[in-house]
Amino acid sequence: MANVTVIGAQWGDEGKGKIVDWLASRADVVVRFQGGHNAGHTLVIDGNVYKLSLLPSGIVSGTMSVIGNGVVLDPWALRDEVAKLEGQGVAISDDNLAVADNCPLILPLHRDLDGLRETAAGKGKIGTTGRGIGPAYEDKVGRRAIRVCDLAHLDALEPQLDRLCAHHDALRAGFDQPPVDREALLAELREIAPFVLRFAQPVWKRLKKIRKAGAKILFEGAQGVLLDVDHGTYPFVTSSNVVSGTASSGSGLGPNATGFVLGIVKAYTTRVGSGPFPTELEDEVGQTLGEKGHEFGVVTGRKRRVGWFDAVIVRQTCSVSGVTGIALTKIDVLDGFETVKICTGYRLNGNVLDYLPSHSADQANVEPIYEEMEGWSESTAGARSFADLPANAIKYIQRIQELIECPVSLVSTSPERDDTILMRDPFED
């Protein structure tokens with residue numbers, strides 16, 4: 001049986017939470033391998049709604065859940081999320097949650113810097129969630145991060161604090177802000193340390209043992225490939241690599257462990273925040289899609305931008321992330337449209353492109369080339385077999401497969417876990 005890596009193949013918000021939850025019920029362990037608590041996954045199980053930002057989606061179903069070293073961890077956000085889920089009846093302990101002891105921490109000073117930069121940027125702002133994700137990754141790369149393992153050695157933290165504060169104090173001075181309050185920061189770390197250290201361990205070692213025993217591992221990505229710091233719509237991207245290859249580096253397992261790569265793809269397109277969006281609809285159709293799809297960010301509550309399905313970008317993301325098959329979500333949102341459109345290419349300066357160019361100005365100026373298809377009036381909501389879908393919905397799915405050059409493995413027809421059509425089992429591939 002294969003392990004499975006799940007990644008978003010658009011700009012995030014594709015419905016990964018439900019798919020990961022559905023797969024997690026059949027996996028032995030779920031691993032988050034990048035990002036931070038800027039991710040937002042919504043699970044609907046037996047009518048109960050669970051909203052996760054940092055914890056792996058498997059935690060709700062009781063599956064062993066791991067936060068890998070590729071994640072930047074806000075320890076206070078972790079505590080809040082654990083408390084919220086426990087309030088909903090989810091049992092969380094060191095038996096079913098492990099945190100990599102080499103995870104970098106997101107600190108209050110990171111949140112401060114994130115907000116100061118976005119405010120100062122004005123119209124040039126990136127559109128971050130303001131949670132300190134980017135600054136925390138910068139400190140990781142700059143070799144001045146405080147990590148989970150440091151929480152067990154706070155009395156020896158002064159040299160690291162010297163490096164960290166020398167950097168941040170200079171930045172804060174540029175924004176007319178006072179230096180970092182080192183004593184206050186240490187006090188906050190001492191207070192949170194016992195909670196985080198309950199779960200801390202060398203997860204690479206535990207995952208090695210789990211894999212050796214033949215268990216099924218599900219790697220859960222956050223955001224989407226178009227937000228990847230290398231392959232996304234730079235600079236309007238997240239601060240980590242989102243592609244499937246990050247599953248190995250962000251968990252401590254080798255690249256041969258990542259298995260079947262499942263790309264989650266919404267049946268139309270959305271994005272949150274600033275940046276290019278070739279198929280964006282700012283008309284009544286876009287308004288209808290957004291309302292039917294309840295397109296608001298799980299973490300921020302921000303209204304998502306909405307557009308037609310863009311086969312160009314999905315073909316590109318499937319290629320750079322080595323996607324084996326896709327899970328197509330929210331097909332039910334397209335119910336009732338007389339016609340639906342798919343972007344099959346772009347026009348730029350008189351040329352036709354079959355890819356999204358790298359430069360932000362070119363990305364902003366491409367014009368979509370659409371193929372129009374007949375819609376369907378019948379409902380796809382809750383369908384659990386391909387035969388239950390309207391003929392035109394099937395044609396739409398088949399055309400997407402052709403255009404993105406990647407097969408559809410799953411089709412999701414509602415937020416409920418069991419409203420899923422399985423066409424190709426990733427764990428049995």
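This briefing covers the salt bridges of the structure above. The model is predicted, so local features need pLDDT of at least 70 and side-chain atom pairs count only at pLDDT 80 or more, while totals for chains, interfaces and linings use all residues. Residues are numbered from 1 along each chain as its sequence is written, and side-chain values use heavy atoms, with hydrogens and water left out. With a salt bridge defined as a side-chain nitrogen of Lys or Arg within 4 Å of a carboxyl oxygen of Asp or Glu, the count is 18.

**Helix H4 to helix H3**
- Glu138 and Arg117 form a salt bridge, with 2.7 Å between the closest N and O atoms.
- This pair links distant parts of the chain, 21 residues apart: Glu138 lies in helix H4 (residues 133-141) and Arg117 in helix H3 (residues 108-121); helices are DSSP runs of H or I with at least four residues, numbered from the N terminus.
- Glu138 is partly exposed at 33% relative accessibility, and Arg117 is partly exposed at 29% (buried is under 20% relative accessible area, exposed over 50%, partly exposed in between; 1.4 Å probe, protein chains only).

**A buried pair**
- Arg144 and Asp139 form a salt bridge whose closest N and O atoms are 2.5 Å apart.
- Both Arg144 and Asp139 are buried.

**Loop to helix H6**
- Asp155 and Arg190 meet in a salt bridge at 3.3 Å, N to O.
- Asp155 sits in the loop between H4 and helix H5 (158-174), and Arg190 in helix H6 (residues 182-197), 35 residues apart.
- Asp155 is exposed, at 69% relative accessible area, whereas Arg190 is partly exposed, at 43%.

Methods. Helix = DSSP H or I, 4+ residues; strand = E, 2+ residues; numbered from the N terminus.
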